[in-house]
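Q: Hi! I'm new to this one, could you walk me through it?
A: Happy to, let's have a look together.
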Amino acid sequence: MAGTAVRPGRGRKPKPNAQKKLSGSKHVKANEPQFSELNNIDPPEWLDDLAVSMWQMLCPELCRERVLTITDIHNLEIFCCSYSNWREAQKEVAEDGVTIIDENGKKYKNPAMTALNESARQIATFGAMLGLDPGSRQRLIGGNKEQSGNRFAEF
């Protein structure tokens, strides 16, 4: 169409070769970097205790499923930090409420609500990149195509 610009970022995100193999796909690109052989990765020292707990829970699982590569570490860092921020903001909202009243009696949205919402968006975004929700997990890991077939073919 004339005058229609193509916008980047649209369409299905590509899967790395190792994830294609896990899902049973035979369409594998040549010369793509492979997963590094990671069993677990220690969390960065600068993470707070809650972020470290999340890291220690997720990292071994992501490595076992071969979803996490050395080039994806920053996604896990951001996810864990966002989770910690979300919990802290949620604690403030629970203590102070969704709205606060200033010294003049005027009611305002609690600033912690903004932090809560931004952290929740980051959790969703980076969690999807790591396959931490059912839809993205199916996209990343997939099912075994060889085992899936028409269960009703024999009827």
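Q: Where is methionine 129 placed?
A: Methionine 129 sits in helix H4, residues 111–129; helices here are DSSP runs (H or I, at least four residues), numbered from the N terminus. This is a predicted model, where local features need pLDDT of at least 70, side-chain atom pairs count only at pLDDT 80 or more, and totals for chains, interfaces and linings use all residues. Residues are numbered from 1 along each chain as its sequence is written, and side-chain values use heavy atoms, with hydrogens and water left out.

Q: Okay, what is methionine 129 in contact with, beyond its neighbours within four places in sequence?
A: Asn75 and Leu140, where contact means heavy atoms within 4.5 Å.

Q: And is methionine 129 buried, exposed or partly exposed?
A: Partly exposed, because its relative accessibility is 36%. Buried means under 20% relative accessible area, exposed over 50%, and partly exposed in between (1.4 Å probe, protein chains only).

Q: New topic: how many salt bridges are there in the whole structure?
A: Two, counting a side-chain nitrogen of Lys or Arg within 4 Å of a carboxyl oxygen of Asp or Glu.

Q: Which residue forms a salt bridge with glutamate 61?
A: Arginine 64, with the closest N and O atoms 2.5 Å apart. Both lie in helix H2 (residues 49–64), three residues apart, about one turn of the helix.

Q: What about glutamate 65?
A: Its side chain meets arginine 64 in a salt bridge too, at 2.9 Å, N to O. Shared partners join Glu61, Arg64 and Glu65 into one network.

Note on methods:
Helix = DSSP H or I, 4+ residues; strand = E, 2+ residues; numbered from the N terminus.
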